[in-house]
Amino acid sequence: MDLDGVKHELESEFIAIILAGFGNDLRPLTSDYGDEACPKALLPLANRPLLEYVLSWLEQSGIKDVLLICPETHRSTLHHHINSEVSSSLRVDLQSLPEPQDAGVGTCTLLRHFSDRVKKDFVLLPCDFIPPPSFSLQMLLDRFRTDIVSDGAAVITCWYPGPNSEHNQPLDEWGPSPYSSILCDALEETLLYIDASEDPEFNGEDFFFRTAMLTKHPRTKLLGGYQDSHIYVCQRAILDTLCAKPRCLSFREEFLPWLCKMNYQSNKKQKYGYVLQPSLNAPQNLALEHSTHHAGAHMLPSPAYATRPQRQPNYSATQIPSNRSANEKSLSLRIGIVLLSAGAFRVNSISSLFEVNRRILLNVAYTLPLDPKDRSLIDSKAQISVDSIVGSSTQVSERAMIKKSTIGRHCKIGKQARITNCILFDHCIVEEGARLDSCILGKNSKIGAMSEITRCITQAGYEVTSRESIKGEKLEVSDWMAPSNFPELE
């Protein structure tokens with residue numbers, strides 16, 4: 001048996017689709033630095049770009065093919081990073097699409113546009129998901145393999161409880177992560193309902209369920225305070241279904257709630273169900289493939305699993321194959337759900353960036369750079385707490401104090417500067433005697449001597465003048481570049 005061929009087949013089973021958007025909720029950190037873009041995917045978390053956390057997670061699962069979709073203005077920056085900084089066995093296909101930053105393009109629109117590049121089942125995920133250490137993507141893929149052959153699950157989605165930290169979370173008023181209420185069948189692990197806020201019948205307090213749903217799923221469970229990870233393992237036929245619904249824009253707000261209704265609304269199932277029709281005799285095929293591939297299990301990076309049975313051909317929304325009966329169109333089509341324990345995060349807001357960075361600092365293996373040349377740039381009289389990180393090529397002057405903070409690469413910290421509970425991106429300068437508390441500085445920011453900055457966020461390249469005192473503001477370059485006085489218009 002060609003075991004190398006078996007391993008290659010398993011690795012090629014899925015393609016990962018990573019969506020790297022503008023990150024408007026992370027402004028001004030994602031606001032452009034002059035003509036240079038500041039992609040959300042490259043924002044540092046504990047001095048490591050967000051994108052690298054996701055790519056590492058994918059690589060550990062055995063997935064090799066990645067379709068990375070970004071705005072056209074970010075393509076050059078991301079291309080340079082992937083080809084110069086990322087060292088992995090992944091095959092990254094970087095694609096971009098022109099889109100307005102303020103309006104954005106819906107996920108469904110992106111998937112339809114790039115559907116010709118997706119030839120197999122896929123994992124859709126954001127560039128900002130930070131999984132808990134105990135949760136591997138391999139576990140989610142195994143669940144999908146099992147569900148699709150047993151009861152025709154079209155999608156496996158993953159939800160996690162919102163953060164409930166006992167610690168204060170700075171800057172939470174600048175973009176707290178949204179919560180949702182969901183209804184699921186706990187016994188069958190099926191997602192039944194999502195409180196889509198754009199639903200005109202939804203008022204934030206009441207929920208409306210059809211009797212048909214409650215009759216079919218009497219053991220339902222209503223869960224509040226959960227967040228969607230935006231990780232979806234999908235059949236390739238999901239793209240066919242999206243093409244059959246061209247007006248559907250949002251995968252989370254429109255498509256998933258609609259797909260939930262497929263379980264109990266017979267008219268929708270009759271119209272679209274055959275597109276997601278599972279293969280016949282799937283359980284028998286699964287057992288056969290377990291037997292066939294068992295010999296190569298020791299070569300896999302995780303416990304052995306069966307490859308998917310060969311799928312039936314896909315069909316357009318207007319063409320029903322003649323060999324399918326009406327009964328076959330009404331087979332169960334469901335959304336499987338995996339509920340994670342605490343520890344998962346999406347870095348999609350200022351507050352979540354702050355909180356996840358803080359949690360990583362609690363478990364850092366080392367504080368100072370390992371390279372002796374970099375260590376020599378840190379004065380022996382500087383005070384740096386063990387729950388801090390100092391990046392390479394960063395200079396820390398005498399009697400400077402750094403506590404519970406992340407300092408990026410190529411930064412310069414002046415004498416007697418005080419930095420507490422802060423995140424400094426690369427190439428930042430904090431001059432002598434300056435004090436920073438609970439701040440995030442975009443790259444190339446500069447804080448003047450003897451300034452006091454508290455609970456502030458700066459756009460890349462922002463400069464605070466000497467002896468200035470600022471509290472609780474988002475500081476953007478346009479603010480200090482604009483003239484202080486404007487002539488009145490006649």
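## Parallel sheet

Strand 23 (residues 435-437) and strand 26 (residues 452-454) run parallel and are joined by three bridges, where strands are DSSP runs of E of at least two residues, numbered from the N terminus, and two strands pair if DSSP finds at least two bridges between them. Within this pairing, L436 stands opposite I453 of strand 26. Both strands belong to an open sheet of six strands, paired in parallel in the order 14-17-20-23-26-29. Strand 14 and strand 29 (469-471) each have a single partner strand and stand at the edges, so one side of each is left without a neighbour in the sheet.

## Basis of the model

The model is predicted, with local features requiring pLDDT of at least 70 and side-chain atom pairs pLDDT 80 or more, while totals for chains, interfaces and linings use all residues. Residues are numbered from 1 along each chain as its sequence is written, and side-chain values use heavy atoms, leaving out hydrogens and water.

A382 lies in the loop between helix 12 (372-375) and strand 14 (383-384), a helix being a DSSP run of H or I of at least four residues. A382 is buried, with a relative accessible area of 16% (buried means under 20%, exposed over 50%, partly exposed in between, with a 1.4 Å probe and protein chains only). Not counting residues up to four places away in sequence, A382 touches V396, S397, R399 and A400, contact meaning heavy atoms within 4.5 Å. The C-alpha atoms of A382 and R399 are separated by 4.5 Å, although these residues are 17 apart along the chain.
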